[in-house]
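Thanks for coming. I have one structure to go through today, so let me put it on the screen.

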Amino acid sequence: MSDVEHDFGAFVAARGTSLLRVAYLACGDEAEAEDLLQTALERTYKNWHRVHHDSPEPYVRRVIINAAISRARRRAILTLIPMHSPPERSARSADVDLRHVLMEALRALPPRQRAVIVLRYWEDLSEVQTADVLGCSVGTVKSQASKAMAKLRTALGRDAAEGVIRNAHA
């Protein structure tokens, strides 16, 4: 096994689960999330010689988010809506119900707003880091987050939306 394969394999082993969660939250479908992650990892491997010197995780996140947005745009033409359940289930039924409601509300958001919410609140990235991943300005991140949170508050109720987002990655 070459050093490249070893380094890449170690990266995937260490960060794969977290990246799969990002992919799932970005698209809302377990099978599509696996496809998104696979696509992102293929692209990352092809560019490993220049990516691994920096932090490869932001690069993979950006590929995941860009691919999810592209797929959502294509799907919008076909009007397909994923309706699968989340891959992780909480032991408490109230948590499961609340997460299910949240996932439905996330699916209703436009792709870029969903991406901002996932990166800012699930992945706990700063506004600057989120802007870097999405390739946009910090102002765009702020406005998209504001619009998305307003929609989530409407869908879930003010206290529930903010509580779920705050505790989403707990």
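This is a predicted model: local features need pLDDT of at least 70, side-chain atom pairs count only at pLDDT 80 or more; totals for chains, interfaces and linings use all residues.

The protein chain has nine helices and zero strands, so read along the sequence the pattern is α-α-α-α-α-α-α-α-α. Of its 170 residues, 42% count as buried. The exposed surface comes to about 9300 Å², and carbon and sulfur atoms supply 52% of that. If you take contacts between residues at least 6 apart in sequence, 65% of them join residues at least 24 apart.

Now to H6, residues 111-122. At 1.5 Å a residue, its twelve residues should span 16 Å, and the end C-alpha atoms are 15 Å apart, which agrees. How much of H6 is covered? Mostly it is: nine of the twelve residues are buried. Among them are the run Ile117, Val118 and Leu119, and also Arg114, Arg120 and Trp122. After H6 comes Asp124, with a positive phi near 55°.

Last, the pair. Packed helices are described by the angle and the distance between their axes. For H7, residues 127-134, and H8, residues 138-156, the axes come within 8 Å and cross at roughly 100°. H7 is therefore roughly perpendicular to H8. Which residues meet there? From H7 they are Glu127, Val128, Thr130 and Ala131, and from H8 they are Val138, Val141 and Lys142. By class, that contact has four nonpolar, one polar and two charged residues.

That is the end of my part.

Conventions:
Residues are numbered from 1 along each chain as its sequence is written. Side-chain values use heavy atoms; hydrogens and water are left out. Axes are lines fitted to C-alpha atoms, for helices over the stretch in contact, and angles run from 0 to 180 degrees between N-to-C directions. Helices (H or I, at least four residues) and strands (E, at least two) are DSSP runs, numbered from the N terminus. Angles under 35 degrees count as roughly parallel, over 145 as roughly antiparallel, 65 to 115 as roughly perpendicular and the rest as oblique. Contact means heavy atoms within 4.5 Å. Ala, Val, Leu, Ile, Met, Phe, Trp, Tyr, Cys and Pro count as nonpolar, Asp, Glu, Lys and Arg as charged, and the others, Gly among them, as polar. The expected span of a helix is 1.5 Å times one less than its number of residues. Buried means under 20% relative accessible area, exposed over 50%, partly exposed in between (1.4 Å probe, protein chains only). Accessible areas come from the Shrake-Rupley method with a 1.4 Å probe; for residues, only the protein chains shown count as cover.
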